[in-house]
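Please read them beside the coordinates.

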Amino acid sequence: SGSDADGAIVGWSWTQISGTAVSLSGAATQQVQFTAPATAGDIRLRLTVTDDDGATDTDDVTITVEESSDPGNTTGSTLQSMLDDINEVRSQPRVCNGTTYPSAPPLQWSSSLADIAMQHSMDMAQNGYFSHTSLNGTSMGSRVFPYWNGTTVGENIAASSVDRSDGYVVNLWLGSTSGHCELLMNPAFTHVGVGKGHDPDNGYTYKYFWTMDVGG
């Protein structure tokens, strides 16, 4: 929060400047919220306040995330192991929804895209929904772009009632007629991160969730 001795604070803006990538909710309000990542460490946020005269000031806050002694049933992980399966798909021409796509260059792993992908997978697992749009209304682009400095992003998601192998999930996307295959083969993307979330007690049909975020 902030105060102004000769006026009023009219604007707040929270941004993350270091630490494991998280999705900020309420970044334009006095109090920001985020789901703590699965990995322990420091997360540093910066608050910029603006008063009614247009003057601004900033302050930084550090939040220390500790490894929980009682993590509950929700688990999350990044899946760099899926990179080989994805690049194997891109290594040869593929037919996506009736259109032939030439082979595409291999993607490089992005830890920041993987972190935000894992956060979305865990959010879907914990809250029992399946969508590119977060429950708080945050769109895919608004969620991913803060952690990617390129010009374009994309996303594939998958869900299952039982655990699946990396190759199984990639083949689901490859055989999809809803744009997942096209995203896999898009040469405009250069980097990828994949995250997985699991909650057996979410009261939802699906218990396992995968998110693949790409950037170019």
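1. The side chains of Lys196 and Asp163 form a salt bridge, with 2.6 Å from N to O; the term stands for a side-chain nitrogen of Lys or Arg within 4 Å of a carboxyl oxygen of Asp or Glu. Lys196 belongs to strand E9 (residues 191-198) and Asp163 to the loop between E8 and helix H4 (166-174), so the pair ties together parts that are 33 residues apart in sequence. Helices (H or I, at least four residues) and strands (E, at least two) are DSSP runs, numbered from the N terminus. Lys196 is buried at 15% relative accessible area, whereas Asp163 is partly exposed at 43%. Buried means under 20% relative accessible area, exposed over 50%, and partly exposed in between (1.4 Å probe, protein chains only).

2. The model is predicted: local features need pLDDT of at least 70, side-chain atom pairs count only at pLDDT 80 or more, and totals for chains, interfaces and linings use all residues. Residues are numbered from 1 along each chain as its sequence is written, and side-chain values use heavy atoms, with hydrogens and water left out.

3. Four salt bridges are found in the whole structure. One of them joins Arg143 and Glu155 (2.8 Å, N to O). Arg143 is in helix H3 (residues 140-144) and Glu155 in strand E8 (residues 153-160), so this pair ties together parts that are twelve residues apart in sequence. Arg143 is buried, at 3%, and Glu155 is buried as well, at 6%.

4. Arg44 and Asp60 also meet in a salt bridge (3.1 Å, N to O). Here the link runs from strand E2 (residues 41-51) to strand E3 (residues 56-65), so parts 16 residues apart in sequence are tied together. Arg44 is partly exposed at 37%, and Asp60 is partly exposed at 25%. Through shared partners, salt bridges join Arg44, Arg46 and Asp60 into one network.

5. Where does the second largest pocket lie? Domain 1 (9-65) and domain 2 (75-215) both give residues to its lining, so the pocket lies between them; the domain bounds come from an automatic or database domain assignment. The pocket holds about 250 Å³ of space. Of its 14 lining residues, Ser23, Thr35, Asp123, Ser134 and Asn136 are the closest to the centre. Helix H2 (residues 111-127) gives the largest share of the lining, five residues.

Technical notes. 1 Å grid on protein atoms, 1.4 Å probe; cavity = no way out; pocket = protein on both sides within 12 Å on 5 of 7 lines; lining within 4 Å. Points joined across faces, edges and corners; volume = space filled by probe spheres on them.
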